[in-house]
Amino acid sequence: MSQISPIRRELLKNALVTIADNALVMVTRTARTANVKNSMDFSAAICDGDGNLAAQGLAVPVHLGVVMPALKGCLDYFGDDIREGDVLASNDPYSGCSHLNDIFTFKPVFVDGKRVAFVVLVLHHTDLGGRVPGGNAADSQEIFEEGLRLPPVKMRESGQASDAVFRIIEANTRIPERVMGDLHAQLAALDEAAREVEKIARQMTSATFGAYLVDLVDYAEELTRNSISELPDGEVEFDEWNDDDGAGHGPIHLHLKLTKKGDEIVCDFTGTQDDTGGAVHCNWEFAVSCTYAALRTVLAAEIPNNAGLYRPITVTAPKGTFISVEFPAAVGSRGQIGFRLRSIVLGALAKLLPGRMPACAGGSEFALAASGRTETGRSFLHLEFHNNTGLGGGPDQDGQDAGPYCIGNLANVPIELIESENPIRVERYGFLPDTGGSGEFRGALGIVRDYRFLTDGVRVQVRSDRYTSQPWGLYGGGPGKGGKLTLNPGSDREEALPSKFIRTLGRDDVLSAEMAAAGGYGSPERRERAVIARDLAEGKMSLDHAKTVYGYRGEEVGER
């Protein structure tokens, strides 16, 4: 093979990313559930023939750090028994995956009998059985309670679908027509992506294609080391708290020591509390993935997102902590602790890089699963995630209201879709004035969503947090206001609810979810009067709040 061409490398990198992105577009257009087609809770990637991540699409960042461990679990099991036309799959956290709802699928790509790549698609499937619809119950104690667990299996073998695997999945979901629709969309997009990768590999020849994938990963490592080298050396520590573990214990303490030396970073979570139970904690592979995603925010944007990015980063923790649980622990609600891992890494980076990082992002990590039957007897299951409410105030600007940050970028589920597919009416959806952390640059506002249930016997499961452990501010900035859940607000049946619960609600019950706001940056005394006036005009701040927190006087802009 001739010498690697930087131009050809760049063209290949962009082609692979485009293939992954196109696979996700195909899933969006053909999937059945709102969580996939609207929230876009999925990811696509391409690995080399040995299982090293080579490219990823515009996806959920925390999925991508788990791709290689999940594929390794399949490779370890099947060994040499992987052939053209096979599709490998798993959702087992104890075989490298993240939680049972995420089914990882891998299709090997062969050219002239040589395996040159794997195409990867990960989808969060709305329901795979278990004791509670939706599979995210925070109080489960063992993974056996959470639903169908697929160890490494073949969904297809030499091009022939495994009828047994498909029948088992279909028999273990409450909404088979939707889940199976999502699964077929996943496999169809996987096939199309594999065809595109094979086409490129044939044009380049398998040897040249393989050499370029190796070079692409090495190139990403080189750029990552260069980018890390530009950061100051140092050792910093940061602490975070989760309100509880979903099973009656809390608060949960997390500790991180981040060391940057030369062109490497070490994140050591020693000192994090031991596992206490429930399902909010996470397996180690997911914790590492969240750490990678948070560190990615301070590295050069032009670095390709592949295995090379991970090589200069070491993540450690003792086994059995809250972020490194062991079999058979339940991990269905692991997404919630993922956001706390994000904020602890970013908090440490704020110490390492003073004046560069924003305050803590907002969000109660709110997840809702509401299921039951309509008056006509049709089963429904509405799954919805609101993991972010916006960014913390930054060194030179307010936090973006309603913006995602760092480890998750799920899209908003339109109210119209919720109401058309479920006996649910969304009666309020908007910003919560006065909630953003105070500061020269305020944090993003909290968000509220009120759900009225229009039928009886609705099984509601919620996992959320940040009710007591508020999103922190920086350099004198205040914390964002915490979250709150209320049943039937403003009525004689009003009731404060815990952050995590499972309960059956009836017709005309209203669940009001107030989600935590983001932290502020800098002293509130430095906030410009004109910016306060703009917040007042836009309804994001009340006059009382402006006077009390910022010392604002209405006459400064002619108000009386």
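**Ground rules.** I'm working from a predicted model, where local features need pLDDT of at least 70, side-chain atom pairs count only at pLDDT 80 or more, and totals for chains, interfaces and linings use all residues. Residues are numbered from 1 along each chain as its sequence is written, and side-chain values use heavy atoms, with hydrogens and water left out.

**Overall shape.** I counted 13 helices and 20 strands, taken as DSSP runs (H or I, at least four residues, for helices; E, at least two, for strands) numbered from the N terminus. The radius of gyration, taken over C-alpha atoms, is 24 Å, close to the 24 Å from the globule rule for 560 residues, so the protein is as compact as a globular protein of that length. That rule is 2.2 Å times the number of residues to the power 0.38. Along the principal axes, the C-alpha trace spans about 80 × 60 × 45 Å.

**Burial.** I looked up the buried share (under 20% relative accessible area, 1.4 Å probe, protein chains only): 62% of the 560 residues.

**Cores.** A nonpolar core here is a set of buried Ala, Val, Leu, Ile, Met, Phe, Trp, Tyr and Cys residues joined through side-chain atoms within 4.5 Å. The largest has 135 residues, and Phe 106, Met 155, Phe 209 and Leu 258 touch the most other members. Helix α6 (residues 176-204) gives this core its largest share, 13 residues. Another core, of 24 residues, lies apart from it and includes Val 460 and Met 515.

**Leu 258.** I listed its contacts (heavy atoms within 4.5 Å). Leaving out residues up to four places away in sequence, Leu 258 touches, among others, Gly 234, Ile 265, Leu 295 and Leu 352.

Key: Buried means under 20% relative accessible area, exposed over 50%, partly exposed in between (1.4 Å probe, protein chains only).
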